[in-house]
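Welcome, and thanks for taking a look at this one. Please open the structure below and keep it in view while you read.

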Amino acid sequence: SSGINAEYGDAGWYYCNATFDEGDVVSDPVYLYVFTINSTTETAWGVKSLLASFSVVADAQLRSDGDGTALTSSSGSDIYATMSIAWEYADGDTWVSASTGRYKVGSTSAGTNGLSTSPLNVGPVRVADDGKVLRATLTYTSDSSNNFFGGSIVTSNMTLYLATISSFNASDD
């Protein structure tokens, strides 16, 4: 449902307590696991005419409790969320899709640790790319059969800097 925002700190056990004239009814507890971004490439250094790489590592595996126990299917397989990623770069005050031209979005892969990695390559790097700000939006698809509500997470900004040689020093060694 729209308008519901959960923070990572909201994770925990929840239950419903309904009060009627006849008494109270308390539901079984359920665990709310909130997906998060585990890491990003905060700063990438690029060399003119070569590639610079960014990545986002985020939750992908559905969990059943606060201990991180994987939710499994009836056949015993771990269940992963369906996720898409949209990379963007800042052009002034506007965010522009980074999915064509010099921007190559790699395939998102899920590891056995329950995390997914989503890469982006930028290149060839240009002098004008120095200080370029990028971000990614991860959109998880709802899966009602597994009580997964889906949603989107936007990364913090990531920055591309141009690596340059500022001086050479001779050595007698």
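Predicted model: local features only at pLDDT ≥ 70, side-chain atom pairs only at ≥ 80, totals over all residues.

Seven aromatic pairs are counted in it, and the largest nonpolar core has 27 residues.

**Aromatic pairs**

- A pair of aromatic rings is described by two things, the distance of the centres and the angle of the planes.
- Y33 and F35 make an edge-to-face pair, with 6.0 Å from centre to centre and 80° between the planes.
- The angle of 80° counts as edge-to-face because it is over 60 degrees.
- Within this pair, Y33 is partly exposed at 22% relative accessibility, whereas F35 is buried at 11%.
- The reason for these two labels is the cut-off: buried means under 20% relative accessible area.
- W45 and Y161 form a tilted pair, with centres 5.3 Å apart and planes at 35°.
- W45 belongs to strand β6 (residues 43-46) and Y161 to strand β15 (residues 158-162), so their pairing ties together parts that lie 116 residues apart in sequence.
- W45 is exposed, at a relative accessible area of 57%, while Y161 is partly exposed at 31%.
- Y33 and F35 also belong to one aromatic cluster together with Y140 and F148.

**Charges over rings**

- K132 places its charged end over the ring of Y89, at 4.4 Å from the ring centre.
- R102 lies over the face of Y103, and here the distance from the ring centre is 5.7 Å.

**A buried aspartate in a loop**

- Where does D129 sit? You will find D129 in the loop between β12 (115-122) and β13 (132-140).
- Is D129 buried or exposed? D129 is buried, with a relative accessible area of 3%.
- Leaving aside residues up to four places away in sequence, D129 touches R102, P124 and L160.

**The largest nonpolar core**

- Among the 27 residues of this core, those that touch the most other members are F54, W87, L134, L138 and Y140.
- Two or more residues come from each of β7 (52-59), β8 (83-91), β12, β13 and β15.
- Y140, listed here for its contacts with other core members, is also part of the aromatic cluster with Y33, F35 and F148.
- Not counting residues up to four places away in sequence, L138 has contacts that include I37, V56, A58, M83, I85 and I153.
- S84, G151, S152 and T155 are also among the residues that L138 touches.

Definitions and conventions
Residues numbered from 1 in each chain as written. Heavy atoms only, no water. Phe/Tyr/Trp six-rings, centres within 6.5 Å; stacked < 30°, edge-to-face > 60°. Buried < 20%, exposed > 50% of the residue type's maximum accessible area, 1.4 Å probe, protein only. Helix = DSSP H or I, 4+ residues; strand = E, 2+ residues; numbered from the N terminus. Lys NZ or Arg CZ within 6 Å of the ring centre and 35° of its normal. Contact = heavy atoms within 4.5 Å. Core = buried A, V, L, I, M, F, W, Y, C linked by side-chain atoms within 4.5 Å.
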